[in-house]
Structure formats: structure tokens, C-alpha cells
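Subject: Structure for you, with notes

Hi,

Here is the structure I promised to send over. Have a look at it first, and then read my notes below.

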Amino acid sequence: MERFPTEKILKKKPGWKEIPIGGIVTNAGSSLLKKTGSWRSFRPILDKAKCINCFTCYAYCPDNAIKVENGKVRIDYEYCKGCGICANMCPVKAIKMEEEKESEK
Ligand code: SF4
Ligand code: SF4
């Protein structure tokens, strides 16, 4: 079974008559095909010394760009679009947003 049929659909570029009503996403997991980090203008920086591993940022990140590994959080910059929700929600201000530099992309 094909894992991500969305890839084929995206290559075909369907017109408005072919897309689902309401433009809904019909294929689960399609976000893995869209590495939103390439157009980020602000980058979340995690201060590990301040982090209390409460996982609030993990729960609120809309792009699943915060990963939990061995009980610690890390930011997956390939998918982070720089919305800043994690920084706003962190109870101990362990994440701060910095302007993205071209060299970091
Ligand atoms: S800035 Fe937004 S997309 Fe990036 S890790 Fe934080 S909540 Fe997720
Ligand atoms: S919300 Fe803040 S303290 Fe909690 S895991 Fe994320 S960075 Fe760490």
C-alpha cells in the first residue's frame, strides 16, 4: 500500500473542480510532505537550562515541530514555521523567538 498518496496528487496539481469540497485534507499524514521551516522568519530558541520538561510547548505546537526524546523536548526546525505559540505558552519562558538568519536555514 502506498504510504503517502498525497505526493501523487500534489504533482498532478488538480484544478478547482477536482479538489474536495471545502478544500479539506483527505489524506492523513500529508503535512510530512510540507517542510514549512524554509519560509520561517522567526526561530524559537530553547534554553535547556530553564526548561522544566512540562511538555506544554509540545501540546500546543500546531505543526508537531516539538519532539520529545528521552523525556526532553527539542525543536524540529524542518517543520517549525516560527509562529511563536510555544514561546507564548511556555510557563518558565524557556523559549524565545529570534529573527531568522539566512545562514541558519
Ligand atoms: S514556533 Fe510554532 S511551529 Fe515552531 S515549534 Fe513553536 S509552536 Fe511549533
Ligand atoms: S513549555 Fe517550556 S518548560 Fe515546558 S517543555 Fe516546553 S520549553 Fe520546556
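What is the volume of the second largest cavity? It comes to about 80 Å³. Before I go further, please keep in mind that this is a predicted model, and every value here is computed from it.

Staying with that second largest cavity, 13 residues line it, and C51, C54, F55, C57 and C90 are the closest to its centre. By class, this lining has 12 nonpolar residues, one polar residue and no charged ones.

And what takes up the space there? Ligand 2 does: the space it takes is the second largest cavity. Around ligand 2 there are 14 residues, with C51, C54, F55, C57 and C90 the closest. That shell is made up of 12 nonpolar and two polar residues, and no charged residue is part of it.

Now for the other site. Searching the whole structure for cavities of 30 Å³ or more turns up two. The largest cavity holds about 90 Å³ of space. It is lined by 14 residues, and P44, C61, C80, C83 and C86 are the closest to its centre. Sorted by class, the lining of the largest cavity has 10 nonpolar, two polar and two charged residues.

Which ligand sits in the largest cavity? That one is ligand 1. If you want to pick out its surroundings on screen, select P44, C61, P62, D63, I66, C80, K81, G82, C83, G84, I85 and C86. Eight residues of this shell are nonpolar, two are polar and two are charged.

Next, the fold. The protein has three helices and four strands, and along the sequence they come in the order α-β-α-β-β-α-β. Of its 105 residues, 25% are buried.

Two of them, T36 and R40, belong to one loop. T36 is in the loop between helix 1 (6–12) and strand 1 (42–46), and R40 is found in the loop between helix 1 and strand 1 too.

Is T36 buried or exposed? T36 counts as buried, because its relative accessibility is 13% and the cut-off for buried is under 20%. A polar atom of the T36 side chain lies 2.5 Å from the backbone oxygen of Y79.

R40 has a relative accessible area of 2%, so R40 is buried as well. Which residue does the side chain of R40 contact? The partner is E100: a polar contact of 2.8 Å joins the two side chains.

Then there is F42, which is placed in strand 1. With 38% relative accessibility, F42 counts as partly exposed, because that class lies between 20% and 50%. F42 and C83 are 41 residues apart along the chain, yet 7.5 Å separates their C-alpha atoms. C83 is also one of the residues that surround ligand 1.

If you have time for just a quick look, I'd start with the two ligands: ligand 1 in the largest cavity, and ligand 2, whose space is the second largest cavity. After that, go to R40 and E100 and look at the polar contact between their side chains.

Cheers

Technical notes
Residues are numbered from 1 along each chain as its sequence is written. Chains are lettered from A and ligands numbered from 1 in the order in which they are written. This is a predicted model: local features need pLDDT of at least 70, side-chain atom pairs count only at pLDDT 80 or more; totals for chains, interfaces and linings use all residues. Side-chain values use heavy atoms; hydrogens and water are left out. A residue is near a molecule or strand if one of its heavy atoms lies within 4 Å of it. On a 1 Å grid over the protein atoms alone, a cavity is a set of points where a 1.4 Å probe fits but cannot get out, and a pocket is an open set with protein on both sides within 12 Å along at least five of seven lines; lining residues have an atom within 4 Å of a point. A molecule sits in a cavity or pocket if more than half of its atoms lie within 2 Å of its grid points. Ala, Val, Leu, Ile, Met, Phe, Trp, Tyr, Cys and Pro count as nonpolar, Asp, Glu, Lys and Arg as charged, and the others, Gly among them, as polar. Grid points are joined across faces, edges and corners, and a volume is the space filled by probe spheres set on the points. Helices (H or I, at least four residues) and strands (E, at least two) are DSSP runs, numbered from the N terminus. Buried means under 20% relative accessible area, exposed over 50%, partly exposed in between (1.4 Å probe, protein chains only). A polar contact is a pair of N or O atoms within 3.5 Å; within protein, one must be able to donate a hydrogen and the other to accept it, and residues adjacent in sequence count only if both atoms are side-chain atoms.
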